[in-house]
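Please consult the sequence and the structure shown here.

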Amino acid sequence: MNTSLRFVVACLMVFFISTSECCSASSAASPKERLKLLSHAEFAALYKAHATIRNRTISAADLAWLILEQPSNQKLLVKDSVLAGALELRKSDFTNGVELNFENTVFLDNIALGFIRFMQPLIFKQCEFRGSVSIEDAVFADNQESPSCSFEGCEFKKIAIFMATSFLGPSDFSSAVFHDLVTFNYATFAKTAFTRTTFMDTVDFTKVTFVNCSFASTIFNDHALFDETVFSSGEFWSTKFNDDASFQNATITNANFHGVQFLGNALFSRAS
(Lines give C-alpha, C1' and ligand atoms only; values in the text may rest on other atoms or scores of the structure.)
Protein backbone atom coordinates (compact mmCIF):
# COMPACT_ATOMS: atom_id res chain seq x y z
CA MET A 1 0.00 0.00 0.00
CA ASN A 2 1.51 3.34 -1.04
CA THR A 3 1.79 6.35 1.26
CA SER A 4 -1.14 8.25 -0.27
CA LEU A 5 -3.50 5.30 0.07
CA ARG A 6 -2.43 4.75 3.67
CA PHE A 7 -3.16 8.38 4.42
CA VAL A 8 -6.68 8.11 2.92
CA VAL A 9 -7.44 4.92 4.90
CA ALA A 10 -6.20 6.54 8.12
CA CYS A 11 -8.41 9.59 7.55
CA LEU A 12 -11.43 7.39 6.94
CA MET A 13 -10.78 5.45 10.14
CA VAL A 14 -10.54 8.65 12.16
CA PHE A 15 -13.77 9.90 10.58
CA PHE A 16 -15.73 6.75 11.40
CA ILE A 17 -14.39 6.59 14.97
CA SER A 18 -15.26 10.24 15.60
CA THR A 19 -18.73 9.76 14.14
CA SER A 20 -19.33 6.69 16.29
CA GLU A 21 -18.24 8.48 19.46
CA CYS A 22 -20.46 11.46 18.70
CA CYS A 23 -23.50 9.28 18.12
CA SER A 24 -22.93 7.23 21.25
CA ALA A 25 -22.65 10.39 23.32
CA SER A 26 -26.32 11.14 22.83
CA SER A 27 -28.91 9.51 20.62
CA ALA A 28 -31.18 12.51 21.11
CA ALA A 29 -28.44 15.00 20.33
CA SER A 30 -27.29 13.97 16.89
CA PRO A 31 -26.60 15.28 14.31
CA LYS A 32 -23.56 17.10 15.55
CA GLU A 33 -24.91 20.64 15.38
CA ARG A 34 -27.50 19.78 18.03
CA LEU A 35 -24.73 19.65 20.62
CA LYS A 36 -23.87 23.34 20.31
CA LEU A 37 -23.61 24.83 23.78
CA LEU A 38 -25.94 27.65 24.65
CA SER A 39 -24.19 30.60 26.24
CA HIS A 40 -25.64 31.99 29.45
CA ALA A 41 -26.91 35.04 27.58
CA GLU A 42 -28.61 32.89 24.92
CA PHE A 43 -30.15 30.64 27.54
CA ALA A 44 -31.50 33.59 29.55
CA ALA A 45 -32.89 35.26 26.42
CA LEU A 46 -34.72 32.12 25.27
CA TYR A 47 -36.20 31.58 28.70
CA LYS A 48 -37.41 35.18 29.03
CA ALA A 49 -38.91 34.98 25.55
CA HIS A 50 -40.90 31.87 26.58
CA ALA A 51 -39.18 29.99 23.77
CA THR A 52 -38.76 26.22 23.66
CA ILE A 53 -35.10 25.19 23.72
CA ARG A 54 -34.45 22.54 21.06
CA ASN A 55 -31.42 20.63 19.86
CA ARG A 56 -28.88 22.39 22.07
CA THR A 57 -26.62 21.66 25.01
CA ILE A 58 -27.46 23.41 28.27
CA SER A 59 -25.03 23.71 31.15
CA ALA A 60 -26.17 22.50 34.56
CA ALA A 61 -24.90 25.79 36.00
CA ASP A 62 -27.37 27.76 33.85
CA LEU A 63 -30.23 25.48 34.87
CA ALA A 64 -29.33 25.95 38.55
CA TRP A 65 -29.26 29.72 38.00
CA LEU A 66 -32.72 29.56 36.50
CA ILE A 67 -34.15 27.49 39.33
CA LEU A 68 -32.63 29.49 42.16
CA GLU A 69 -32.76 33.04 40.84
CA GLN A 70 -35.75 33.22 38.51
CA PRO A 71 -38.85 32.52 40.69
CA SER A 72 -41.34 33.70 38.09
CA ASN A 73 -43.85 30.86 37.83
CA GLN A 74 -42.76 30.55 34.22
CA LYS A 75 -42.36 27.30 32.32
CA LEU A 76 -39.09 26.02 30.87
CA LEU A 77 -39.53 23.56 28.01
CA VAL A 78 -36.48 21.71 26.67
CA LYS A 79 -36.71 19.21 23.81
CA ASP A 80 -34.21 16.98 22.00
CA SER A 81 -31.30 18.47 23.91
CA VAL A 82 -28.46 17.65 26.29
CA LEU A 83 -27.76 18.78 29.85
CA ALA A 84 -24.03 18.79 30.59
CA GLY A 85 -22.56 18.90 34.06
CA ALA A 86 -23.74 17.66 37.44
CA LEU A 87 -26.86 19.29 38.87
CA GLU A 88 -26.84 19.44 42.68
CA LEU A 89 -29.44 21.44 44.59
CA ARG A 90 -30.43 21.01 48.23
CA LYS A 91 -32.66 22.66 50.81
CA SER A 92 -34.40 24.93 48.31
CA ASP A 93 -38.04 25.96 48.35
CA PHE A 94 -39.55 26.41 44.89
CA THR A 95 -42.67 28.12 46.23
CA ASN A 96 -42.78 30.47 43.25
CA GLY A 97 -40.46 28.41 41.15
CA VAL A 98 -40.18 27.50 37.52
CA GLU A 99 -42.06 24.59 36.00
CA LEU A 100 -39.43 22.34 34.42
CA ASN A 101 -40.37 20.22 31.44
CA PHE A 102 -37.81 18.08 29.59
CA GLU A 103 -38.62 15.90 26.61
CA ASN A 104 -36.27 13.52 24.81
CA THR A 105 -33.30 15.08 26.60
CA VAL A 106 -30.06 13.40 27.66
CA PHE A 107 -28.62 14.13 31.10
CA LEU A 108 -24.93 13.33 30.89
CA ASP A 109 -23.98 13.65 34.57
CA ASN A 110 -25.34 13.04 38.06
CA ILE A 111 -28.46 14.72 39.39
CA ALA A 112 -28.91 15.28 43.13
CA LEU A 113 -31.97 17.13 44.42
CA GLY A 114 -32.44 16.88 48.18
CA PHE A 115 -34.73 18.41 50.81
CA ILE A 116 -36.56 20.40 48.14
CA ARG A 117 -40.24 21.29 48.03
CA PHE A 118 -41.50 21.43 44.44
CA MET A 119 -44.57 23.64 44.14
CA GLN A 120 -44.51 23.50 40.33
CA PRO A 121 -44.53 20.36 38.14
CA LEU A 122 -41.28 18.58 37.34
CA ILE A 123 -41.73 16.67 34.10
CA PHE A 124 -39.33 14.35 32.27
CA LYS A 125 -40.63 12.52 29.21
CA GLN A 126 -38.56 9.96 27.30
CA CYS A 127 -35.34 11.31 28.77
CA GLU A 128 -32.10 9.44 29.34
CA PHE A 129 -30.18 9.73 32.59
CA ARG A 130 -26.59 8.56 32.12
CA GLY A 131 -25.45 9.52 35.60
CA SER A 132 -27.01 8.64 38.93
CA VAL A 133 -30.27 10.26 40.00
CA SER A 134 -30.90 11.14 43.65
CA ILE A 135 -34.09 12.86 44.77
CA GLU A 136 -34.19 12.41 48.54
CA ASP A 137 -36.43 13.90 51.23
CA ALA A 138 -38.17 15.98 48.58
CA VAL A 139 -41.83 16.97 48.43
CA PHE A 140 -43.89 17.23 45.24
CA ALA A 141 -46.93 19.31 46.13
CA ASP A 142 -50.40 18.53 44.89
CA ASN A 143 -50.97 21.51 42.60
CA GLN A 144 -53.87 19.83 40.78
CA GLU A 145 -51.63 19.23 37.77
CA SER A 146 -51.65 15.78 36.23
CA PRO A 147 -49.01 14.76 36.97
CA SER A 148 -47.01 16.97 39.34
CA CYS A 149 -43.98 14.74 38.79
CA SER A 150 -43.34 12.48 35.83
CA PHE A 151 -40.57 10.25 34.48
CA GLU A 152 -42.72 8.67 31.79
CA GLY A 153 -40.70 6.61 29.30
CA CYS A 154 -37.37 7.62 30.83
CA GLU A 155 -34.25 5.46 30.95
CA PHE A 156 -32.06 5.35 34.05
CA LYS A 157 -28.62 3.96 33.26
CA LYS A 158 -27.24 4.12 36.83
CA ILE A 159 -28.52 3.96 40.40
CA ALA A 160 -31.67 5.91 41.20
CA ILE A 161 -32.65 7.01 44.71
CA PHE A 162 -36.04 8.47 45.68
CA MET A 163 -35.75 7.81 49.40
CA ALA A 164 -38.21 9.46 51.81
CA THR A 165 -39.74 11.57 49.05
CA SER A 166 -43.41 12.54 49.24
CA PHE A 167 -45.40 12.56 46.00
CA LEU A 168 -48.50 14.40 47.22
CA GLY A 169 -49.84 14.95 43.71
CA PRO A 170 -50.11 12.47 40.81
CA SER A 171 -46.80 10.95 39.71
CA ASP A 172 -45.98 8.85 36.68
CA PHE A 173 -43.13 6.37 36.09
CA SER A 174 -44.92 4.49 33.30
CA SER A 175 -42.79 2.75 30.66
CA ALA A 176 -39.57 3.79 32.39
CA VAL A 177 -36.55 1.46 32.34
CA PHE A 178 -34.24 1.22 35.37
CA HIS A 179 -30.96 -0.54 34.55
CA ASP A 180 -29.37 -0.30 38.00
CA LEU A 181 -30.44 -0.40 41.64
CA VAL A 182 -33.49 1.65 42.60
CA THR A 183 -34.74 2.59 46.06
CA PHE A 184 -37.94 4.31 47.13
CA ASN A 185 -37.60 3.52 50.86
CA TYR A 186 -39.96 5.49 53.12
CA ALA A 187 -41.53 7.32 50.16
CA THR A 188 -45.21 8.29 50.04
CA PHE A 189 -47.33 8.15 46.89
CA ALA A 190 -50.81 9.69 46.71
CA LYS A 191 -51.48 8.39 43.20
CA THR A 192 -48.79 6.87 41.02
CA ALA A 193 -48.34 4.70 37.95
CA PHE A 194 -45.50 2.27 37.30
CA THR A 195 -47.44 0.76 34.42
CA ARG A 196 -45.25 -1.17 31.93
CA THR A 197 -42.13 -0.10 33.84
CA THR A 198 -39.09 -2.39 33.69
CA PHE A 199 -36.71 -2.92 36.61
CA MET A 200 -33.55 -4.68 35.44
CA ASP A 201 -31.91 -4.73 38.89
CA THR A 202 -33.14 -4.82 42.49
CA VAL A 203 -35.85 -2.33 43.42
CA ASP A 204 -36.63 -1.51 47.04
CA PHE A 205 -40.06 -0.19 48.08
CA THR A 206 -39.58 -1.06 51.76
CA LYS A 207 -41.81 0.95 54.14
CA VAL A 208 -43.40 2.89 51.28
CA THR A 209 -46.99 4.13 51.58
CA PHE A 210 -49.16 3.79 48.48
CA VAL A 211 -52.57 5.43 48.60
CA ASN A 212 -53.26 4.49 45.00
CA CYS A 213 -50.76 2.74 42.73
CA SER A 214 -50.59 0.73 39.53
CA PHE A 215 -47.91 -1.80 38.62
CA ALA A 216 -49.95 -3.23 35.74
CA SER A 217 -47.77 -5.07 33.17
CA THR A 218 -44.64 -4.08 35.08
CA ILE A 219 -41.59 -6.36 34.78
CA PHE A 220 -39.26 -7.04 37.72
CA ASN A 221 -36.14 -8.84 36.48
CA ASP A 222 -34.40 -8.92 39.86
CA HIS A 223 -35.43 -8.81 43.52
CA ALA A 224 -38.51 -6.72 44.32
CA LEU A 225 -38.85 -5.65 47.95
CA PHE A 226 -42.18 -4.43 49.34
CA ASP A 227 -41.56 -5.31 52.99
CA GLU A 228 -43.62 -3.33 55.52
CA THR A 229 -45.20 -1.42 52.65
CA VAL A 230 -48.75 -0.09 52.94
CA PHE A 231 -51.15 -0.50 50.02
CA SER A 232 -54.48 1.28 50.39
CA SER A 233 -55.20 0.51 46.77
CA GLY A 234 -52.85 -1.37 44.43
CA GLU A 235 -53.00 -2.80 40.94
CA PHE A 236 -50.68 -5.66 39.92
CA TRP A 237 -52.59 -6.73 36.82
CA SER A 238 -50.38 -8.98 34.61
CA THR A 239 -47.27 -8.00 36.56
CA LYS A 240 -44.27 -10.27 36.08
CA PHE A 241 -41.74 -11.04 38.81
CA ASN A 242 -38.81 -12.90 37.24
CA ASP A 243 -36.98 -13.18 40.57
CA ASP A 244 -37.91 -13.16 44.25
CA ALA A 245 -40.67 -10.82 45.43
CA SER A 246 -41.07 -10.00 49.10
CA PHE A 247 -44.20 -8.51 50.68
CA GLN A 248 -43.35 -9.52 54.24
CA ASN A 249 -45.16 -7.54 56.93
CA ALA A 250 -46.93 -5.54 54.23
CA THR A 251 -50.37 -4.07 54.86
CA ILE A 252 -52.57 -4.72 51.85
CA THR A 253 -56.03 -3.18 52.19
CA ASN A 254 -57.04 -3.47 48.57
CA ALA A 255 -54.91 -4.95 45.79
CA ASN A 256 -55.56 -6.79 42.54
CA PHE A 257 -53.06 -9.52 41.64
CA HIS A 258 -55.00 -10.87 38.66
CA GLY A 259 -52.71 -12.47 36.08
CA VAL A 260 -49.54 -11.82 38.07
CA GLN A 261 -46.59 -14.16 37.48
CA PHE A 262 -44.23 -15.07 40.33
CA LEU A 263 -41.32 -16.93 38.72
CA GLY A 264 -39.17 -16.67 41.86
CA ASN A 265 -40.08 -16.97 45.52
CA ALA A 266 -43.13 -14.97 46.59
CA LEU A 267 -42.89 -14.10 50.28
CA PHE A 268 -46.03 -12.83 52.04
CA SER A 269 -45.30 -13.89 55.61
CA ARG A 270 -47.06 -11.74 58.22
CA ALA A 271 -48.66 -9.66 55.48
CA SER A 272 -52.17 -8.53 56.27
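## Selected strands and buried residues

Phe43 lies in helix H2 (residues 40-48); helices (H or I, at least four residues) and strands (E, at least two) are DSSP runs, numbered from the N terminus. This is a predicted model, in which local features need pLDDT of at least 70 and side-chain atom pairs count only at pLDDT 80 or more, while totals for chains, interfaces and linings use all residues. Residues are numbered from 1 along each chain as its sequence is written, and side-chain values use heavy atoms, with hydrogens and water left out.

Two buried residues are listed below; buried means under 20% relative accessible area, exposed over 50%, partly exposed in between (1.4 Å probe, protein chains only).

| Residue | Relative accessible area |
|---|---|
| Phe43 | 0% |
| Ser150 | 4% |

Leaving aside neighbours within four places in sequence, Phe43 is in contact (heavy atoms within 4.5 Å) with residues including Ile53, Ile58, Trp65 and Leu76. The C-alpha atoms of Phe43 and Ser59 are 9.3 Å apart in space, and these residues are 16 apart in sequence.

Strand E7 (residues 99-103) has four of its five residues buried. Two strands pair if DSSP finds at least two bridges between them. E7 pairs with strand E3 (residues 75-79) in the parallel sense over five bridges, and Asn101 in E7 is the bridge partner of Leu77. Four bridges join E7 to strand E11 (residues 122-125), again in parallel, with Phe102 opposite Phe124 of E11.

Ser150 is found in strand E15 (residues 149-150).
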